Structures are given as C-alpha cells and as structure tokens.
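Please open the structure in a viewer and keep the sequence beside it.

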Amino acid sequence: MYNKYMPSVKDIKKIKSNFKYISFNPDSIVSEIADSMDLNNIGAVPIIDENKNLLGVVSERDIVRKCVKNGRDPDLVTASDIMTKEIITIDLKTSSDIAIKIMGESNIRHLPVVDKENRLINFISHRDLIGSVRSSTKLNIILVTFISLALPLLFFFNSFLNQ
C-alpha cells in the first residue's frame, strides 16, 4: 500500500545506500549468531540460503526462548533449529507508516524487505523506519514553512509589478 505523504521503504537511508545487512545460513550455530548480534548491536538477523531466499529470522527472543531457557548448548544448536519460519515481509513499495503499523500489530521490531521471489533485499528495524519518518516530517515542515513565507511575498511582488 502506498501513502503519497509518507516515504516508502525504498526511501529509507539504509536501503538507498544499499547498506549491507548481516545474515546467516540455516546451519550457522546460535553462539556465532548471538556474538554477531551483540557486536553489531542488532536484535535480529535474517536466515537466507545461497540465493538470498529468506528462510527465517533469528531474534534475541528466539535465542532466549528456544535455546537458553531450555538449557540447550548454543554451540550445538543451529539457526534452523530456533528460527522463526513464519515471517512477515514487506516490499520496497510499502510506505513507512504501513511498515510501522505492521510492526506494532505484529509485536516485532524487524522486517525483511523482499522482492517478488522472496529474495532478501534488506533487513530493516523499527529504528530505521522511525528515522525515515522523522526525516520526512522535517522536510514537510521546511516545505510548508517555505511555502507559507514565499506565497505572501509572491503576491506582494505580483501586486507591486501590476501597479
């Protein structure tokens, strides 16, 4: 769904700059995934195959609930053992406000952005979306301010020139 007043996902800085996301394959061990998430200060990672097809997501919640809580050894458990397989995804045309709404309604903080073949384009967070909406709001305020200042001047000069 597209909202012409809100930026779409394709306008998010992370996507526009083709920022490299961190991903893992289904055979990656949980301890490696957890280390990477900690070092990169991220809360979830996509699990993809060699063709970038999205297979699942491993989040901090998955690690705690499906590994740590049950006393499983994170050096012996793989991503495919604990990943969430039923994934909510969006495409590049999705507006930022719809993406934020999806996250809120689904109680998630990360969304995979995929193409028509379910290949991962990027992996965005709630933080990425909020930044995008803030930037758009600032731009709208600047434009409205400019227009509200420029229009009276335009009318003034127009009336001055027509005398």
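## Around helix H2

What covers the buried residues of helix H2 includes strand S1, strand S2 (54-59), helix H3 and helix H4. Here helices (H or I, at least four residues) and strands (E, at least two) are DSSP runs, numbered from the N terminus. Buried means under 20% relative accessible area, exposed over 50%, and partly exposed in between, with a 1.4 Å probe and protein chains only. This is a predicted model, in which local features need pLDDT of at least 70 and side-chain atom pairs count only at pLDDT 80 or more, while totals for chains, interfaces and linings use all residues. Residues are numbered from 1 along each chain as its sequence is written, and side-chain values use heavy atoms, with hydrogens and water left out.

Select H2 and colour Val30, Ser31, Ile33, Ser36 and Met37, which are buried. Val30, Ala34 and Met37 in H2 meet Glu60, Ile63 and Cys67 in H3. By class, this contact between H2 and H3 has 5 nonpolar residues, no polar ones and 1 charged residue. In this classification Ala, Val, Leu, Ile, Met, Phe, Trp, Tyr, Cys and Pro are nonpolar, Asp, Glu, Lys and Arg are charged, and the others, Gly among them, are polar.

The two helices, H2 and H3, pack at an angle of about 145°, and their axes are 11 Å apart. Axes are lines fitted to C-alpha atoms, for helices over the stretch in contact, and angles run from 0 to 180 degrees between N-to-C directions.

## The nonpolar cores

Which residues have the most contacts inside the largest nonpolar core? Select Val30, Ile33, Val45, Ile47, Val58, Ile63 and Ile82 to see them; the core has 13 residues. A nonpolar core is a set of buried Ala, Val, Leu, Ile, Met, Phe, Trp, Tyr and Cys residues joined through side-chain atoms within 4.5 Å. Two or more residues are given to this core by each of H2 (30-39), S1 (44-48), H3 (60-68) and H4. The largest share, 3 residues, comes from H2. Apart from this core lies another, of 10 residues, among them Ile12, Ile90, Leu111 and Ile124.

Now centre the view on Ile82, found in helix H4. Ile82 counts as buried because its relative accessibility is 0%. Its contacts (heavy atoms within 4.5 Å) can be shown next: not counting residues up to four places away in sequence, Ile82 touches Val30, Val58, Asp62, Ile63, Lys66, Cys67, Arg72 and Val77.

With residues up to four places away in sequence not counted, Val58 touches Ile33, Met37, Gly43, Ala44, Val45, Ile47, Ile63, Ala79, Ile82 and Met83.

Select His110, which lies in strand S3 (residues 110-114). Is His110 buried or exposed? His110 is buried, because its relative accessible area is 18%. Leaving aside neighbours within four places in sequence, His110 is in contact with Gly43, Ala44, Met103, Phe123, Ile124 and Ser125.

Continue to Arg119, in the loop between S3 and strand S4 (120-125). At 33% relative accessibility, Arg119 counts as partly exposed. Draw a distance from Arg119 to Asn53: these residues are 66 residues apart along the chain, and their C-alpha atoms are separated by 4.2 Å.

In the loop between S3 and S4, select Asn118 as well. The phi of Asn118 is near 65°, a positive value in a residue other than glycine. Then turn to Asn41, in the loop between H2 and S1. Its phi is also positive, near 55°, and Asn41 is exposed, with a relative accessible area of 59%. Most residues other than glycine have a negative phi.

## The whole chain

Finally, show the entire protein chain, whose secondary structure comes to 6 helices and 4 strands. Along the sequence, the pattern is α-α-β-β-α-α-α-β-β-α. Of the 163 residues, 34% are buried.

Colour the chain by pLDDT, the predictor's confidence in each residue, from 0 to 100. The average is 83, and 75% of the residues score at least 70. Among the elements, helix H6 (residues 126-161) has the lowest mean pLDDT (59), and helix H4 (residues 79-82) has the highest (98). Over residues 134-140 the pLDDT is below 50, and beyond near neighbours in sequence this stretch has 3 contacts in the model. Where pLDDT is low, the predicted coordinates should not be read in detail.
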